[in-house]
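Please examine the sequence and the three-dimensional structure shown below.

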Amino acid sequence: MTRVLSVASECAPLVKTGGLADVVGALPAALRDQGVQMRTLVPGYPAVMAALQDGTEVAYFHDLFGGWARILSGQAAGLDLVVIDAPHLFARAGSPYMAPGGQDWPDNPERFAALSWIGAHLGIHGMGGWQPQVLHGHDWQGGFVPQYLRQMGGGPATVLTIHNIAFTGSTDPGRMHSLRLDPWHFHLEGYEFYGGISALKAGLMGADALTTVSPTYAEELMTPEYGMGLDGVMRHRRESLMGILNGIDTDAWDPAADPAIQPYGAPGGKAPNKAALRAEMGLPDADGPLCVIVSRMTHQKGLDLLLEALPALLDHGGQLALLGSGDPGLEYAFRMAGERNPHVAVRIGYDEALSHRLIAGGDAILVPSRFEPCGLTQMYGLRYGAVPVVGLTGGLADTVINASPAALARGVATGLQFSPVTADALRGALTRLCLLYRDAETWSRLQDNAMAHPVGWDQSARAYAALYARLTAPR
């Protein structure tokens, strides 16, 4: 049994802002059958503290980056958790990273340095007789783990997973002291990044192994277009980098047993969900496909491209139902589109149950991202027979089989890809989608293929377990 401590800033279902939380929450169960015992270290946000069951104190610190802290071991939502109870850092309203007004907490560098510091401490000293053999950090919030281990004199093997390299955890070099960083490592091969401090750069340079969430994204990270200024670092660490595709929780996302929908086991069962969705969203009947979007509304997600391309869908009798929030300009533009056209329905915000109803009722799910490290939404679509329409990038390229003439002839296509990721290319993809939808036999095959496509964790869990085994093997 390999013992792994996962170090993460969020974990579903307790606290979630995106796909990172889903992955962190799903990994322990996925790895259990592979002989991996994983515990998850998370900050003691109010929601986490409320859910923690019978937490046992395993360590106490008089000064953890500005105040006392208890380290609690316990269970919540079926997860073995290690929780940092530090009210001065984490007992706050708002999201994990932002105040209720939408601004980043000014002490975020210290808050998540504390997460990494505790991870390193537990890696060396263990807790209650449990000693991790691997520390697995996630994104910049876990990036300082290898640096702190070095400063503390060394410890177990380290892995850093890049879920999105766009967030580098950068701050001013004047915070070196408050972040407990050794100034001798403020250089090109340490945590220095364009004259500042970067928690992600520290992890990329210091971890024994690097992973990211799809094979295509691993290749993209080594290019200036996608590397966000760290492409040189990624090329330098090429031999230590693996792309391991994310999976989804196939129990939480199971159309045959989903309590949020009218359950079904084959594409034909989508019809009552589609009718119910139209009624809920105020959409009339239509001849074309009902397309759905569940997304953060940001430049990355390419929703501005969809605004330009939307007439191509509507002109072919299609419809759009959107659930999301984010950029105020995009929110306003989609609201206006909904007010002007009865075949466009928009809900601003997030509603987990509604997201399930959208994907169950939609004929197709649109993911026009400019870049997407892995993406989970398209996998939810596959699982529920909502044919994905995706940009050819990152994990979207690795999870969807394009409906090319060859793939259609062989009967293996599961969705549509478009490239380059532009409004013109998206127009073409939406037109192709509508034409395929009119061919009942081809459309039925697409949906069948989508629902049969493997989207769980089995293969990825084996890859992680093999990586841990390699890192802990006697040398």
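A residue is called buried when its relative accessible area is under 20%, exposed when it is over 50%, and partly exposed in between, as found with a 1.4 Å probe on protein chains only. The model is predicted, so local features need a pLDDT of at least 70 and side-chain atom pairs count only at pLDDT 80 or more, while totals for chains, interfaces and linings use all residues. Residues are numbered from 1 along each chain as its sequence is written, and side-chain values use heavy atoms, with hydrogens and water left out.

As a general matter, nonpolar side chains in soluble globular proteins tend to be buried together. A nonpolar core is here a set of buried Ala, Val, Leu, Ile, Met, Phe, Trp, Tyr and Cys residues joined through side-chain atoms within 4.5 Å. The largest such core has 70 residues, of which Leu64 and Phe144 touch the most other members. Helix H4 (residues 108-125) gives the most to this core, with 8 residues. Helices (H or I, at least four residues) and strands (E, at least two) are DSSP runs, numbered from the N terminus. A second, separate core holds 35 residues, including Ile293, Phe334, Ala413 and Leu433.

The surroundings of Leu64 can be described through contact, which means heavy atoms within 4.5 Å. With neighbours within four places in sequence left aside, Leu64 is in contact with Ala69, Ile84, Ala86, His88, Leu89, Ala114, Trp117, Ile118 and Arg180. Phe65 has a positive phi of about 55° although it is not a glycine; Phe65 lies in the loop between strand E3 (53-61) and strand E4 (69-76) and is buried, at a relative accessible area of 11%. Arg180, also not a glycine, has a positive phi of about 60°. Arg180 belongs to the loop between strand E8 (170-171) and strand E9 (192-193), and its relative accessibility of 26% makes it partly exposed.

After H5 comes Gly153, with a positive phi near 105°.

Which two helices pack at an angle of about 35°? They are helix H11 (residues 303-315) and helix H17 (residues 423-438), whose axes are 8 Å apart. Axes are lines fitted to C-alpha atoms, for helices over the stretch in contact, and angles run from 0 to 180 degrees between N-to-C directions. The crossing of H11 and H17 is right-handed. A crossing is right-handed if the near helix is turned clockwise from the far one by less than a right angle, and left-handed if anticlockwise. From H11, Leu305, Leu306, Glu308, Ala309, Ala312 and Leu313 meet Ala423, Leu426, Arg427, Leu430, Thr431 and Cys434 of H17.

Cys434 leads on to the cysteines. A disulfide is a pair of cysteine sulfur atoms within 2.5 Å, and the structure holds 0 of them. Cys291 is buried, with a relative accessible area of 0%. Cys374 is likewise in no disulfide, and the nearest cysteine sulfur, that of Cys11, is 17 Å away. Cys374 is buried as well, at 2% relative accessible area.

Apart from neighbours within four places in sequence, Asn246 is in contact with Val23, Val213, Cys374, Leu376, Met379, Trp457 and Ser460. Asn246 sits in the loop between strand E12 (241-243) and helix H10 (270-281), and it counts as buried at 6% relative accessibility.

Two prolines in loops complete the account. The peptide bond from Ala12 to Pro13 is cis, with omega near 5°, and Pro13 is in the loop between E1 and helix H1 (19-32). Another cis peptide bond joins Ser419 and Pro420, with omega about -5°. Pro420 is in the loop between strand E18 (416-418) and H17.
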